Amino acid sequence: MTRIRLATARDAAMIAEMSRDYIEHGLGWSWTPARVLAAVGDRCTNIAVAGESDDIAGFGIMYYGEETAHLSLLAVRPNQQQRGLGALLLAWLQKPAQVAGIERIRLEVRADNPNAIGFYRKQGFRESGRIAGYYRGTVDAVRLEKRLGVALHAPPP
């Protein structure tokens, strides 16, 4: 069984490299080790990693707001895809949003990545718009949204 845990500062460089190689390829490097490290320390953000301590198979970064959560990044190493890791990471990150009563999760995905768009649709996300030139003015984004149901916590008596 794959272990999912919160990322630590030791994971920042590997997460940043995975973002550069699997998400930001061709765009320049935005999620640098310093930016990932800042997200690790942000109390409104969770970074989940899947895999063993020194070998991360996948990760996800979710920011939790008052009514909306934003999935900033989600990546699984190509040799680990089609094993359900992305869905496990997304479900793990979604649980705190549900418990907190957050209404929806939003994300942007590269319009030139049909596999990612298909993955998110299978996870219950629906297209809510397109943004021309969202990524460095060169690649369009598809904005996706998932409405969350009733919070997981019990209702007040």
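This briefing walks through the pocket, the aromatic contacts, the salt bridges and a few distances in the structure above. The model is predicted, so local features need pLDDT of at least 70 and side-chain atom pairs count only at pLDDT 80 or more, while totals for chains, interfaces and linings use all residues. Residues are numbered from 1 along each chain as its sequence is written, and side-chain values use heavy atoms, with hydrogens and water left out. The largest pocket has a volume of about 1,100 Å³, and a search of the whole structure finds nine salt bridges.

**The largest pocket**

- The lining of this pocket holds 39 residues, and those closest to its centre are Leu74, Ala75, Asn113, Ala116 and Tyr120.
- A pocket here is an open set of points on a 1 Å grid over the protein atoms alone, where a 1.4 Å probe fits and protein lies on both sides within 12 Å along at least five of seven lines; lining residues have an atom within 4 Å of a point.
- Grid points are joined across faces, edges and corners, and the volume is the space filled by probe spheres set on the points.
- At least two lining residues come from each of α1 (12–23), β4 (68–76), α3 (85–99), β5 (104–110), α4 (114–122) and β6 (126–135).
- Strand β4 gives the most to the lining, with seven residues.
- Helices (H or I, at least four residues) and strands (E, at least two) are DSSP runs, numbered from the N terminus.
- By residue type, the lining divides into 19 nonpolar, 13 polar and seven charged residues.

**Aromatic pairs and charges over rings**

- Rings of Phe, Tyr and Trp (its six-membered ring) pair if their centres lie within 6.5 Å; planes under 30 degrees apart count as stacked, over 60 as edge-to-face and the rest as tilted.
- The count by this rule is three aromatic pairs.
- Phe119 and Tyr120 make an edge-to-face pair, because their ring centres are 5.1 Å apart and their planes stand at 70°.
- Within that pair, Phe119 is partly exposed at 22% relative accessibility, and Tyr120 is buried at 6%.
- Those labels follow relative accessible area (buried under 20%, exposed over 50%, partly exposed in between, with a 1.4 Å probe and protein chains only).
- Tyr134 and Tyr135 are also paired edge-to-face, with 4.8 Å from centre to centre and 85° between the planes.
- Of these two tyrosines, Tyr134 is partly exposed with a relative accessible area of 37%, and Tyr135 is buried with 17%.
- Phe119, Tyr120 and Phe125 are linked into a cluster by ring pairs.
- Arg20 lies over the face of Trp29, 4.7 Å from the ring centre, and Arg35 lies over the face of Trp31, at 3.8 Å from the ring centre.
- A charge sits over a ring if NZ of Lys or CZ of Arg is within 6 Å of the ring centre and within 35 degrees of the ring normal.

**Salt bridges**

- A salt bridge is a side-chain nitrogen of Lys or Arg within 4 Å of a carboxyl oxygen of Asp or Glu.
- Arg20 forms a salt bridge with Asp21, the closest N and O atoms being 2.9 Å apart.
- Both partners are partly exposed: Arg20 at 32% relative accessibility and Asp21 at 40%.
- Glu103 and Arg104 form a salt bridge with their closest N and O atoms 3.8 Å apart; Glu103 is partly exposed at 37%, and Arg104 is buried at 12%.
- Arg106 and Glu145 meet in a salt bridge at 3.0 Å, N to O.
- That pair links distant parts of the chain, with Arg106 in strand β5 and Glu145 in strand β7 (residues 139–147), 39 residues apart.
- Arg106 is partly exposed at 31%, and Glu145 counts as buried at 15%.
- A network of salt bridges links Glu103, Arg104, Arg106, Glu145 and Arg147.

**Distances along the chain**

- Leu6 is found in strand β1 (residues 4–6) and is partly exposed, with a relative accessible area of 44%.
- Ala132 lies in strand β6 and is exposed at 67%.
- Leu6 and Ala132 are 126 residues apart along the chain, and their C-alpha atoms are separated by 33 Å.
- Ala132 and Ala111 are 21 residues apart in sequence and 9.4 Å apart in space, C-alpha to C-alpha.

Technical notes: Nonpolar A, V, L, I, M, F, W, Y, C, P; charged D, E, K, R; others polar.
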